[in-house]
Amino acid sequence: MKTYRDFVSDLPLRPTIVAHRGAWHLAPENSVASILRAAEAGYEVVEIDVQCSADGVLFLMHDETLTRMTGEAALAQSLSWTELRALALRAGDGQGDAAPTEHRIPTLQEALEAAHGRIYLDVDVKSPAQNMEAAGAAIAAAGMQDYVDIKIPLHSDADAERLAALEAQYGVMVMPMTRFTADTAAQHIARLARTGARIVETEFVALATITDNRAGFEAAGLTLWVNTLTPVAQCGLTDAAALADPDGTWGALMAAGVTVFQTDEPEALATWRAARG
């Protein structure tokens, strides 16, 4: 298995699938099973969310509260690990009348072990001011620094210095998240190039901004990652739109130079990818 940095540097012009919170249509989101199901399905990356228990254990959970995924009306980081481990994860994304399952909240360590040799992990650290360093240290201690990225906003030189410091300390690839506009794109691309970043989670006001700066991204050696998650997607380029018109959504993004897609519809994206050959 290539290092994550080499993987994103060598991507062909084809859709790369990031399963948002794992293959949660098949197992509870942010569970060990959702990571394994994503790997078995042939997706390349799983996005996971990391928090810290009241007694210092890093675990997987997206929401600030436990209500949606466990039915427990408590702040996720207010409970001890023993209390968290006793809670059953609800099926899928926990919405509606999702039933409890046999799956439990995993530690970050368990997620790293599940992914090892199977799939890359994209780590979204919640409460980063408190938990970013601990997550980087845990990834390095598990020997997974070459197969994991940690997200970090990058909009200033100070952000770039923080990125470089995290990479230097823990050896984990840091993926900057940057918002591009027609006025700021060239400045941001130049800053990203100075950091040595190889992939950027990309937000934009207009897709034309990405298209118009494609040569700049390529010259800087940057692979473009875009979220098509319906609640946060850019310019209406959503998973919901892609289900109805994949060529007009995922295809339009690829035409602009995007190759990495974080999606809640990984199976549909995989089907469309296969049909493209």
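Predicted model: local features only at pLDDT ≥ 70, side-chain atom pairs only at ≥ 80, totals over all residues.
**Helix H6**

I started with the length of H6, residues 128–141. Its 14 residues should span 20 Å at 1.5 Å a residue, and I get 19 Å between the end C-alpha atoms, which agrees.

Next I looked up which residues of H6 are buried: they are Asn131, Met132, Ala135, Gly136 and Ile139. Looking down the helix axis, I find these buried residues within an arc of 145 degrees, so they line one face of H6. The general rule for an α-helix is 3.6 residues a turn, so residues three or four places apart point the same way. On the face turned away from the buried side I noted the exposed residues Gln130 and Ala141.

What does the buried side of H6 pack against? I listed strands S2 (45–52), S3 (58–60), S6 (120–125) and S7 (148–153), plus helices H5 (108–115) and H7 (157–170).

**Positive phi**

I checked the backbone on either side of H6. Just after the helix, Gly143 has a positive phi of about 70 degrees. In the loop between S6 and H6 sits Ser127, and its phi is also positive, about 50 degrees, although Ser127 is not a glycine. Ser127 has a relative accessible area of 31%, so I put it down as partly exposed.

Arg21 is another non-glycine residue with a positive phi, near 60 degrees. I located Arg21 in the loop between strand S1 (16–20) and helix H2 (32–40). Is Arg21 buried or exposed? Its relative accessibility is 12%, and the cut-off for buried is under 20%, so Arg21 counts as buried.

**Cores**

The largest nonpolar core came out at 72 residues, and Ile35, Ile48 and Ile139 have the most contacts inside it. I followed up Ile139, which belongs to the buried set of H6. Setting aside neighbours within four places in sequence, Ile139 is in contact with Leu108, Leu112, Val123, Met144, Gln145, Val148, Ile150 and Val172. I also found a second, separate core of 12 residues, which includes Phe59, Met61, Leu87 and Ile105.

**H12 against H13**

Last, I took the pair H12 (residues 246–255) and H13 (residues 266–276). Their axes come within 12 Å and cross at roughly 75 degrees. H12 and H13 are therefore roughly perpendicular to each other. Which residues meet between them? From H12 I have Pro246, Asp247, Trp250, Gly251 and Met254, and from H13 Ala268, Leu269, Trp272 and Arg276.

Methods
Residues numbered from 1 in each chain as written. Heavy atoms only, no water. Helix = DSSP H or I, 4+ residues; strand = E, 2+ residues; numbered from the N terminus. Expected span 1.5 Å × (residues − 1). Buried < 20%, exposed > 50% of the residue type's maximum accessible area, 1.4 Å probe, protein only. Arc of directions from axis to C-beta. Contact = heavy atoms within 4.5 Å. Core = buried A, V, L, I, M, F, W, Y, C linked by side-chain atoms within 4.5 Å. Axes fitted to C-alpha atoms, helices over the stretch in contact; angles between N-to-C directions. Parallel < 35°, antiparallel > 145°, perpendicular 65-115°, else oblique.
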